[in-house]
Amino acid sequence: MTRGVRAAEWVVLYALSIVVALAISSVIVEATGGDWWPVLEALVDGSIKAPGRWGETLGVAAPLLLVALGTVISAKAGLINIGQEGQLLMGAAFAVYFSFRIGGPGPLNVVLLLLFGALGGAVWASAAGLLRYWRGVPEVLSTLLLVFVAIQAVGYGLKWQWLLLADEASRGNRNLVSEQLAKNNRIPRPDIFGNEFPVTVYVALALALAVAYVLARTVWGFRLRMLGHNPRAAQRSGVSSTVYGATALAIGGAFAGLAGAAMFAGGGFSFGNYRLVPGFSDNIGWTGLLVALMARERALPAVVAAFVFAMLRTGAGFVNSTGVESRITDVVQGLLVLALLVPPAVVFLRDRRRARAAATERV
Amino acid sequence: MVLIDFFSAVGDVLSSESTYINGALFAALLAFAATGEWVAERSGTLNISVEGMLLSGAFAGALGYHLADSVAVGLMLGAVGGLIIAVVQAEMSHRLTADQFVVGLTLNILVVGLTGFLDREIDPRADYASEVEIPILVDIPLFGQALFGEPWPFYLLYGLVPLSWWLVYRTRWGLELRAAGENPQSADVSGIDVNRRRRQSIYYAGLTSGLGGAYFLFARLATFDDSVIGGQGFIAIAAVIFGGWTLWGTMGGCVLFAGALSFQLSLQGLGYELNTELLQALPYLVTIGAMAIFARRVRPPAALAQPFIRGLK
């Protein structure tokens, strides 16, 4: 089969599944007496078309991409880390603790705050690494369980002033919030064509290139991939699964933590407005994991996937004005994700069937 | 003085029947979900859409009551509600070979959105199920009311749990299922359709979780809200892990975690605020601790969370 035919086939398959997903959503909306077309228009308006919206979308895409990049790294080492939501929250908490309890004012603070965030995520992921390589606890279980511990731990921190809670003067009558980040400590948000987004967007893009390069072209990346493909062969050729695996998990967590810190210091769409608040992580960690898995654990496709998921989030904000319950966007998002999973699976299964048929013919 | 008051309050809580009644109520919800989750995990699939299955079951249960005015219909529809999520999960992850975590996480989000949306649009009303007391046994002090004086769907558990044990350990189907979870390659060579067994185990989890969600609705809530399950599905997963992938251990986990929750609620009722965060994190901390201590002796099904594709590996 030629390349052209294959590409066309991909396009058709993707178009078909997306149409099916949207058709199901439209049936749900119409069956409950709503109008489907305005919902779709609101989604597009809210994510790209309306003034200032694509900047918002980029601002959401950046943390998603960061989380996804970390997931790609640990996945390449053959590790299943599904605890990004907790690692992200821990990163944000570390960044907040640094900003208000350790650091002083000044532009250097922004960098340090981000590094502290990465440290927080790395610490949380390393707890899973420690459990795995010291006690033999599968990381897929420990990372999942640690998410819920992180949520409670940060909730606890937000109750005590010596940890994360703001003093009475700056929190007003609100409970369980941290101080607001001072203006000169925030990540700059330059204005481009009427769209504002934090410069972490560029950082995330640069990191995506860096991760793709490191994994594909360096010795370290090669060893990591070897560990993921065949742990025994890797071990025989001198790649310590403990050292490389634990490092990969920690780096994965660091990316998630960095995303949390960037959300805190970058502002934008519903990220607590420069404060740490209950429910701060707002599913960004889970969604970032989805981004990585949708991109089949590759760094550059994750850039596209992150933007698509960010569009669904920012678009959702506009749906309410159409009179249809905005929860429908969760449904649309879920159906779209499921639909996007189908084409690669179908092609993969068919290719395998053909390869197996060819193999039996040769015998 | 404060400390003495506190300990007398703990004594009051431990000696009051309502603590045990509440505990049994939560434990039953966890047990419904965890039983199915246990079956699924024994077949080698880490089914994290159990949260969505519970919620879907609760909503479908409310819908069933709304339509037919009957708790029994509600329960049946609840099981179907869980099954629908299970079918999507199973077909996507164990037929189309999509990543099971993507499917599971997506389904969890999807179900919250869908039930929340439909709840606003339809607004189904439900009611409490009637309580049935089993004579003589109900008079046992402390535990009697909690174990034998519950809303009637509770008693389904007394059949469901032994049935699940029998299915997994005493039938050919169960043997094949465990083989699929321990060594899918060998199972495949000996003629077992690995992914089919895994799909079936997920259907089973969907049925029991859906039933569990509907049970919780009729036993405690009587009105649906999209936050009613609130993470209990993940606690059920923790219970399976805590139990070291044995059914009795899993049930022990359910009782322990539900007991801790009920204890905290009762103490709050008496005006004592424990460290709620610690208590909420307790199921997960205890599970992590148990895994760390017993990890070398108790091990998960060898192929847990590993997809099976014939000819690969």
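Two residues count as touching here if their C-beta atoms, placed from the backbone, lie within 7 Å. Keep in mind that this is a predicted model, where local features need pLDDT of at least 70, side-chain atom pairs count only at pLDDT 80 or more, and totals for chains, interfaces and linings use all residues. Residues are numbered from 1 along each chain as its sequence is written, and chains are lettered from A in the order in which they are written.

Let's start with B:Tyr215, which sits in helix H10 of chain B, residues 194–221 (helices are DSSP runs of H or I, at least four residues, numbered from the N terminus). B:Tyr215 is buried, because 31 other C-beta atoms lie within 10 Å; the cut-off for buried is 20 or more. Leaving out residues up to four places away in sequence, B:Tyr215 touches B:Ala28, B:Leu29, B:Phe32, B:Pro153 and B:Phe154. B:Ala28 is 187 residues from B:Tyr215 in sequence, yet their C-alpha atoms are 8.5 Å apart.

Finally, look at where the chains meet: 40 residues of chain A and 37 residues of chain B take part in the contact. On chain A's side, helix H14 gives the most, 15 residues.

Key: Helices (H or I, at least four residues) and strands (E, at least two) are DSSP runs, numbered from the N terminus. A residue is buried if 20 or more other C-beta atoms lie within 10 Å of its own, exposed if 12 or fewer, and partly exposed in between; C-beta atoms are placed from the backbone.
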